Amino acid sequence: MKRLIVTILLLNALFLALLLPRYPWVPWIAADALLLCGLFTVLPGGRAKRLLAAAVGTVYAVLAFFALGDVLVRQSLGRPFNLYLELGAAGSVFDLMLGNLGLALSLLVILGFVLVFAGLGSGVARLLSRLGPAAPASAGRWVVSAGVVMLAVSWLPQPAVGLSASQLTARQVQLAADTHRSSAAFRHYLENNPVAGQTAALAGLADTDVILGFIESYGISAVTDPRYRPLIGSRLEQMELALADAGLHIVTGRLGSPVQGGQSWLAHTSLLSGQWIKTQLDYEIFLASDFPTLIDDLDTTGHDTVAVMPAITKDWPEGRAFGYNRIYESSTMDYRGPALNWVTMPDQYTWSWFQRQIREQAGAPLFAELALISSHAPWVPVLPVLEDWDSIGDGETFRRWENSGEAPASLWRDSERVREHYALALDYALKVATEYATRHVDDRTMLVLLGDHQAAPLITGEDASRDVVVHIISADPDLLSPFVATGENARGLPGFRWGAQPETDREGPTMADFRPFLQQQFGALPEVMEISASEAIEN
């Protein structure tokens, strides 16, 4: 009887632990733990009972993986764990671990998780297999009966009873069904929406270099969160002054990203395509659809289309599917400096190389997408900005910071210092981008600087907006005025305004709205656009 009571208490605690990531309250009783204890108390001993206990232990280990996965995914990507999606992202997660921790430590972490889950499953199996007839003999039946009653109670709103195993399983089944249904609807939309799938030449940008610089993790929290606002707000003030001194103009707004904390390629694709790409399945469906993007629009306009992706270290067939004329990744950017943890090369090198090797040698107007990665986790080391850009060369000058800064595994033990490093890394990325603009943006350049997504909830908080900050810079104010236009026939992007500071009191349109806006505003001569707009209003 004593063993039965102890086992019930232990299993109750273990099964309740599975529910903690999902509930704002803490149930007191796990109905499935009661049912299992009662069942194994009345079962006769033998090999069949041990095998059944092993099967239950294995199921528990899998459910524990789901529960821990939910905690980690919510903290890193700001959404629930979805096995249907996570399987496709497993390789990216391992690559991220590899870049931050190295091969040996990454394998140790994985091995540690495997041992923990195996130990949990083995422990549950051992507890159940050791249960036998209790005194009085009816104790097992009473426990089963109590479990059945608790099972019924567990479906009441916010009960003191939880049903961890079936609820976790049902949650994954429901997420898989919802994801499949959503992806099927997205596929149907792409296949049956020929108007949205048309390429549009952007005549208003025909003689303009369009440079799209994604600044890693540059979310709106950088200017709304009091932990980051003093540093980043000051940086934006300095940006505005430096641009004005260089004869440049800037408008700023915010756009909603489909992701948070990672999977930045979904954000890139949403902005380029004008479609809301929120899952890996949507991304794969989109790539298979041959649906046009902003790349095709500007290629039709006569631009040379280029992707500069310093974070890409392996073959990237998805990039070729986008149709860039050329793609440059880490091994083809002539970098001879050190890698800085996950960051293959600092942003200052990326900007410098891009100017020297791409813009200065361009024979046609350029459309370039740059993925700027110095503000990518683990945000260590944070480099100074070199005053002499001519000294950057092949990046060997950055060798002096090789192995500098604290090891990521050490830094990440202290969440406050991680947040401090995030702000410093973002400040560096913005300063470098500003200096590039003051040197190389002119009246035939539209430089779009924007975040790909908010940083992980550990940095921003779980309830933070998913908006990112967007800056558009040019020496020609006429290129910028459509974004802030107001009036009877004007269609500016909501929330965009002159200056480097975004609005903080309302959310912006989504990234999927950006390409249609460019098509509407730059897809025809201004007088034609005005006639079209007035006709649309009258009709």
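Author: A residue counts as buried when its relative accessible area is under 20%. The model discussed here is predicted.

Reader: Why is Phe286 called buried?

Author: Phe286 has 3% relative accessibility. The limit is under 20%, so Phe286 counts as buried. Phe286 is also one of the buried residues of helix H10 (residues 280-289), together with Gln280, Asp282, Tyr283 and Ile285. After H10 comes Asp290, with a positive phi near 60°.

Reader: What kind of pair do Trp379 and Tyr422 form, and how do you know?

Author: Their centres are 5.2 Å apart and their planes make 70°. Edge-to-face needs planes over 60 degrees apart, and the pair of Trp379 and Tyr422 is edge-to-face. Both Trp379 and Tyr422 are buried.

Reader: Which parts of the chain does the pair of Trp379 and Tyr422 link?

Author: Trp379 is in the loop between strand S7 (366-372) and helix H14 (408-411), while Tyr422 is in helix H15; the two residues are 43 residues apart, and the pair links distant parts of the chain.

Reader: Which residues do ring pairs link into a cluster?

Author: The cluster consists of Phe483, Phe496, Phe514, Phe517 and Phe522.

Reader: How do you know how H8 is oriented against H15?

Author: The axes of H8 (residues 229-245) and H15 (residues 415-440) come within 10 Å and cross at roughly 5°. Angles under 35 degrees count as roughly parallel, so H8 is roughly parallel to H15. On the H8 side the contact is made by Leu231, Ile232, Arg235, Leu236, Met239, Ala242 and Leu243. On the H15 side, the contact residues include Ala423, Leu424, Leu426, Asp427, Leu430 and Lys431. By class, this contact has eleven nonpolar, two polar and three charged residues.

Reader: Which residues touch the most other members of the largest nonpolar core?

Author: The largest nonpolar core has 63 residues, and Trp351, Phe354 and Ile473 touch the most other members. H15 gives the largest share of this core, twelve residues. Another core, of 47 residues, lies apart from it, with Val259, Leu266, Leu272 and Phe483 among them. Not counting residues up to four places away in sequence, Phe354 touches Ile211, Val308, Arg359, Leu366, Ala368, Leu370 and Tyr436.

Reader: Why is Asp297 called buried?

Author: Its relative accessible area is 0%. That value is set against a limit of under 20%, so Asp297 is buried. Asp297 lies in helix H11 (residues 294-301). Leaving aside neighbours within four places in sequence, Asp297 is in contact with Gln198, Thr199, Ala200, Ala201, Leu202, Arg515 and Gln519.

Reader: Why does Ser264 count as buried?

Author: Ser264 has 18% relative accessibility. The cut-off is under 20%, so Ser264 counts as buried. Ser264 is placed in helix H9 (residues 264-273). Its contacts, leaving aside neighbours within four places in sequence, are Glu216, Asp452 and His453.

Reader: What makes Arg336 partly exposed?

Author: Arg336 has a relative accessible area of 45%. Buried would need under 20% and exposed over 50%, so Arg336 is partly exposed. Arg336 lies in the loop between strand S6 (326-329) and helix H13 (347-358). Its C-alpha atom is separated by 9.1 Å from that of Gly393, 57 residues apart along the chain. Beyond neighbours within four places in sequence, Arg336 is in contact with Asp394, Gly395, Glu396 and Arg399.

Reader: How do you know that Val306 counts as buried?

Author: Val306 is at 0% relative accessibility, so Val306 counts as buried. Val306 is in strand S5 (residues 304-309). Val306 and Ala368 are 4.7 Å apart in space, C-alpha to C-alpha, and 62 residues apart in sequence. Ala368 is also among the contacts of Val306 when neighbours within four places in sequence are left aside, as are Tyr324, Arg326, Tyr328, Ile358, Leu366, Phe367 and Glu369.

Definitions and conventions. Residues are numbered from 1 along each chain as its sequence is written. This is a predicted model: local features need pLDDT of at least 70, side-chain atom pairs count only at pLDDT 80 or more; totals for chains, interfaces and linings use all residues. Side-chain values use heavy atoms; hydrogens and water are left out. Axes are lines fitted to C-alpha atoms, for helices over the stretch in contact, and angles run from 0 to 180 degrees between N-to-C directions. Helices (H or I, at least four residues) and strands (E, at least two) are DSSP runs, numbered from the N terminus. Angles under 35 degrees count as roughly parallel, over 145 as roughly antiparallel, 65 to 115 as roughly perpendicular and the rest as oblique. Contact means heavy atoms within 4.5 Å. Ala, Val, Leu, Ile, Met, Phe, Trp, Tyr, Cys and Pro count as nonpolar, Asp, Glu, Lys and Arg as charged, and the others, Gly among them, as polar. Buried means under 20% relative accessible area, exposed over 50%, partly exposed in between (1.4 Å probe, protein chains only). Rings of Phe, Tyr and Trp (its six-membered ring) pair if their centres lie within 6.5 Å; planes under 30 degrees apart count as stacked, over 60 as edge-to-face and the rest as tilted. A nonpolar core is a set of buried Ala, Val, Leu, Ile, Met, Phe, Trp, Tyr and Cys residues joined through side-chain atoms within 4.5 Å.
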